[in-house]
Amino acid sequence: MTRAEAKERNRRALLDAAFEVVSRDGYRARLEEIAERADVTTGAIYSLFGSKNGLVVAVVADHLRPYYEEIEQAVPAGLDLLEAVDAFARYCRRGCDAPDALPRLSLQITLLDMALHDPDLGSLLAGSIREQENHLIALFTGRPHNGSTVTSQQARRLTTALRALFVGLGQGVPLGLAPGADEQYFADTARALASGMCLVDQGAGTS
């Protein structure tokens, strides 16, 4: 194994170990246990990620990256805005039934708790999530809607609104708090949202 391969092996092992420990223990997660699970020293964590917060942020980015890559495949080019939102909503609903739905929900709630205990970490996590959401903004930008083309500002506002909607529904479905929220419900709700005021440019009076 080359030095670069060993470094990547350690990085991958630490991300996997941190996902398990952080999901379980939140802000009480111990670097010593993460390092032990990854079969490296705690020094490797600082060398690769700079700090515990750096490791947590890397875990989030690693967790979100394939999610946004899958979205790009689920929402192909050529769809207008409402069709794209419909496809995105259905993808989100299918994710609620995925085998890893509960672990993902656990991590989501744990990260929120960690951010509340550590404002610096919260700021870093918010930045990482916004960076990943840029993929979704780009996915909606330029699509036709009501005789015009969706601007990047409109796509950003829509992305923020859809995230809030699907975080809530994504928590409600696994917990049994959203009875009847099937794919069609997700799609209809998202379409209604996209047709509303979230597409109004800031300072403008019409969509």
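## A tour of the aromatic rings

Select F88 and F140: both are buried. Keep in mind that this is a predicted model.

**Stop 1: F88 and F140.** F88 belongs to helix α5, residues 81-95, while F140 belongs to helix α7, residues 119-140. The pair therefore ties together parts that are 52 residues apart in sequence.

**Stop 2: F166 and F186.** Select these two next. Are they buried or exposed? Both F166 and F186 are buried. Look at the angle between the rings. The planes lie at 15° and the centres are 5.5 Å apart, so this pair is stacked. F166 sits in helix α8, residues 152-172, and F186 in helix α9, residues 183-194. Here the pair ties together parts 20 residues apart in sequence.

**Stop 3: the cluster.** Select F88, F140, F166 and F186 together. Ring pairs link these four residues into a cluster. The structure as a whole holds five aromatic pairs.

**Stop 4: R93.** What sits over the ring of F186? The charged end of R93 does, 5.8 Å from the ring centre.

**Stop 5: Y27 and R28.** Finish by selecting Y27 and R28. R28 lies over the face of Y27. The distance to the ring centre is 4.9 Å.

Terms used: Residues numbered from 1 in each chain as written. Predicted model: local features only at pLDDT ≥ 70, side-chain atom pairs only at ≥ 80, totals over all residues. Heavy atoms only, no water. Phe/Tyr/Trp six-rings, centres within 6.5 Å; stacked < 30°, edge-to-face > 60°. Helix = DSSP H or I, 4+ residues; strand = E, 2+ residues; numbered from the N terminus. Buried < 20%, exposed > 50% of the residue type's maximum accessible area, 1.4 Å probe, protein only. Lys NZ or Arg CZ within 6 Å of the ring centre and 35° of its normal.
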